[in-house]
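Good morning, and thank you for joining this meeting. Please keep the sequence and the structure in view as I speak.

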Amino acid sequence: MSQTHWTVLGAGSLGCLWAGYLNQAGFPVTLLHREGVAAPESLNLTRFQAEQATAFEARLTTASACPEKSISRLVVATKAHDALNAVAGIKHALTDNACIVLLQNGMGSQQAVAEQYPEFAIIAVCITDGAYRTGPGHVIHAGQGVSRVGALNKAGQKVWRQVVEDLEQTDLIIEACEDINQALWNKLAINIAINGLTALDQCLNGELMQPERYQRVSLLCQETEAVMKGLKLQLPEQGLLQLATDVIEGTAKNRSSMLQDTLRGKITEIDYINGYLVQQAERLNIEVPESLSIYRDVKQRFNQPSS
Ligand SMILES: NC(=O)C1=CN([C@@H]2O[C@H](COP(=O)(O)OP(=O)(O)OC[C@H]3O[C@@H](n4cnc5c(N)ncnc54)[C@H](OP(=O)(O)O)[C@@H]3O)[C@@H](O)[C@H]2O)C=CC1
Ligand SMILES: CC(C)(CO)C(=O)C(=O)O
C-alpha cells in the first residue's frame with residue numbers, strides 16, 4: 001500500500017470526509033484546523049448508509065505550525081472564498097514539487113489558485129457526494145456521489161494519474177477526468193439553476209418544481225447554455241434544463257448548500273456560481289439577466305461581502 005502522506009486543510013464536512021476515507025484506506029493524514037480554534041477532540045466518519053460511525057486518525061495541527069517544505073500532497077477543503085487565502089497560509093510548508101488538490105464547488109477559485117501558483121501541480125475535483133458534520137471532527141457521508149479528478153495545469157498533468165491511483169484505494173467513488181473544466185462547468189450549471197433560487201426562496205430543492213420557480217430555473221439554464229456555447233463547451237445531450245431537473249428531483253428533500261449557508265448566517269459561494277456566470281457572460285457580451293438578478297439579490301438580502 002502506498003504511504004503518501006496527505007495533508008487536508010480545513011476540518012469541515014468535506015475535509016473530515018476526505019481525511020476519514022484516506023486514513024481508513026491506510027494513508028497517514030494530517031488535518032489542519034483553523035488557527036485559534038480548538039482542534040476536534042475526536043475524529044469519526046459515518047460511511048454512506050452505515051449505521052455506526054467509525055473512528056479515524058489524523059495528526060491535528062494548524063498551517064502556521066507546519067514546518068517549512070514538509071507537505072507534498074495538500075487537499076484544500078475550504079469554501080471557495082477561503083481557498084486562495086488558505087493556500088497562501090500554508091505555502092511555506094509546501095515542497096518545491098508539491099501537488100495541491102482543490103475540492104471547491106463553483107468556478108473561479110480553482111483558477112485563481114492555479115494562476116497564483118503555477119509552480120505547483122494543481123488538481124481540481126468535481127464532487128457530487130453530500131456530507132455534513134454533526135460536531136467538530138464528526139462527519140456523516142449522507143449522499144454517495146462521484147469525485148471527478150483532473151489536472152488544472154501542466155505540472156498537474158504529470159502527477160494526476162498518481163493522485164487518482166491513491167484516491168482509488170479509498171472507498172470514495174473516483175473517476176479520472178481528462179477534461180475537468182467541462183466537468184466543473186456541468187456541475188456549475190446545476191448549482192446556477194438551484195442554489196441561488198433555493199436560498200432566496202428559502203425552499204427545498206424539490207420546491208423548485210413549482211411552476212413560477214421552474215420558469216426561473218428554465219431561464220437560468222438557457223442563459224448558462226448560451227455562455228457555454230460561447231465558450232465552445234460541450235452541452236450535455238439531454239440539455240441543461242433536463243440535467244438540472246434530474247438533480248432537483250433526485251435531491252428533492254435536500255436543502256442546497258447555499259440555503260444552509262444563509263440559514264447559518266455564513267458567506268455563500270454565490271460569487272463562484274451565478275457570479276462566475278455573470279463574469280464570463282460579460283467577457284462574451286452575452287446578457288444573463290436572470291443570473292445577474294439572483295447574484296445581486298443574494299448579495300443584498302444576505303448581506304454578503306462585496307467581491
Ligand atoms: N459538504 C458537501 O457535501 C460538499 C461540499 N462541496 C464543496 O466543498 C467545499 C468545502 O465545503 P464544506 O466542507 O461543506 O465546507 P465547511 O464550511 O464545512 O468546511 C470548510 C472548513 O474550512 C475551514 N477553513 C477555511 N479557511 C481555513 C484556513 N485558512 N485554515 C484552516 N481552516 C480553514 C473552515 O473553518 P471555519 O468554519 O472556521 O470557516 C471550515 O471548517 C465547498 O466549496 C463546498 O461547496 C462540494 C460537494 C459536496
Ligand atoms: C446539487 C446540489 C444543488 C444539491 O443540493 C448542490 O451541489 C449544493 O447544494 O450545493
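This is a predicted model: local features need pLDDT of at least 70, side-chain atom pairs count only at pLDDT 80 or more; totals for chains, interfaces and linings use all residues.

Let us begin with helix 5, residues 180-201, which gives the most to the shell around ligand 2, with four residues.

Which residues are found around ligand 2? They are Asn105, Lys187, Asn191, Ile194, Asn195, Asn205, Val247, Ser256 and Ser257. Sorted by class, this shell holds two nonpolar, six polar and one charged residues.

Several of these residues place side-chain N or O atoms by the ligand. For Lys187, a side-chain N or O atom is 3.5 Å from an oxygen atom of ligand 2. For Asn191, the corresponding distance to an oxygen atom of ligand 2 is 3.1 Å. For Ser257, a side-chain N or O atom is 2.6 Å from an oxygen atom of ligand 2. On its own, ligand 2 exposes 280 Å², and the protein buries 85% of that.

I turn now to ligand 1. How many residues surround ligand 1? There are 23, and the closest are Leu14, Arg34, Asn105, Ala131 and Glu269.

By class, the shell around ligand 1 divides into nine nonpolar, eight polar and six charged residues. Helix 1 (13-24), helix 2 (80-90) and strand 9 each supply at least two residues of this shell. Helix 2 gives the most, with three residues.

A backbone N or O atom of Ser13 lies 3.0 Å from an oxygen atom of ligand 1. In Leu14, a backbone N or O atom lies 2.8 Å from an oxygen atom of ligand 1. Glu269 takes part through its side chain, where an N or O atom is 2.6 Å from an oxygen atom of the ligand. Taken alone, ligand 1 exposes 890 Å², of which the protein buries 81%.

Arg34 deserves a separate word. This residue sits in the loop between strand 2 (29-32) and strand 3 (44-46). Is Arg34 buried or exposed? Arg34 counts as exposed because its relative accessible area is 58%, and the cut-off for that class is over 50%. Apart from its neighbours within four places in sequence, Arg34 is in contact with Thr62 and Asp82. Arg34 and Ala63 are 29 residues apart in sequence, yet their C-alpha atoms are 8.1 Å apart in space.

Four of them form an open sheet with mixed pairing, in the order 4-3-10-9. The edge strands are strand 4 (54-55) and strand 9 (130-135), each of which pairs on one side only. Strand 9 is also one of the elements that supply residues to the shell around ligand 1. Within the sheet, strand 3 and strand 10 (residues 138-143) pair in the parallel sense over three bridges. Asn44 stands opposite His138 of strand 10.

Finally, consider strand 7, residues 94-102. How many of its nine residues are buried? Seven of them are, and the strand is mostly covered. Strand 7 pairs with strand 6 (residues 71-76) in the parallel sense, over five bridges. Val75 has Val101 of strand 7 as its bridge partner.

That concludes the presentation, and I thank you for your attention.

Terms used
Residues are numbered from 1 along each chain as its sequence is written. Chains are lettered from A and ligands numbered from 1 in the order in which they are written. Side-chain values use heavy atoms; hydrogens and water are left out. Buried means under 20% relative accessible area, exposed over 50%, partly exposed in between (1.4 Å probe, protein chains only). Contact means heavy atoms within 4.5 Å. A residue is near a molecule or strand if one of its heavy atoms lies within 4 Å of it. A polar contact is a pair of N or O atoms within 3.5 Å; within protein, one must be able to donate a hydrogen and the other to accept it, and residues adjacent in sequence count only if both atoms are side-chain atoms. Accessible areas come from the Shrake-Rupley method with a 1.4 Å probe; for residues, only the protein chains shown count as cover. Ala, Val, Leu, Ile, Met, Phe, Trp, Tyr, Cys and Pro count as nonpolar, Asp, Glu, Lys and Arg as charged, and the others, Gly among them, as polar. Two strands pair if DSSP finds at least two bridges between them.
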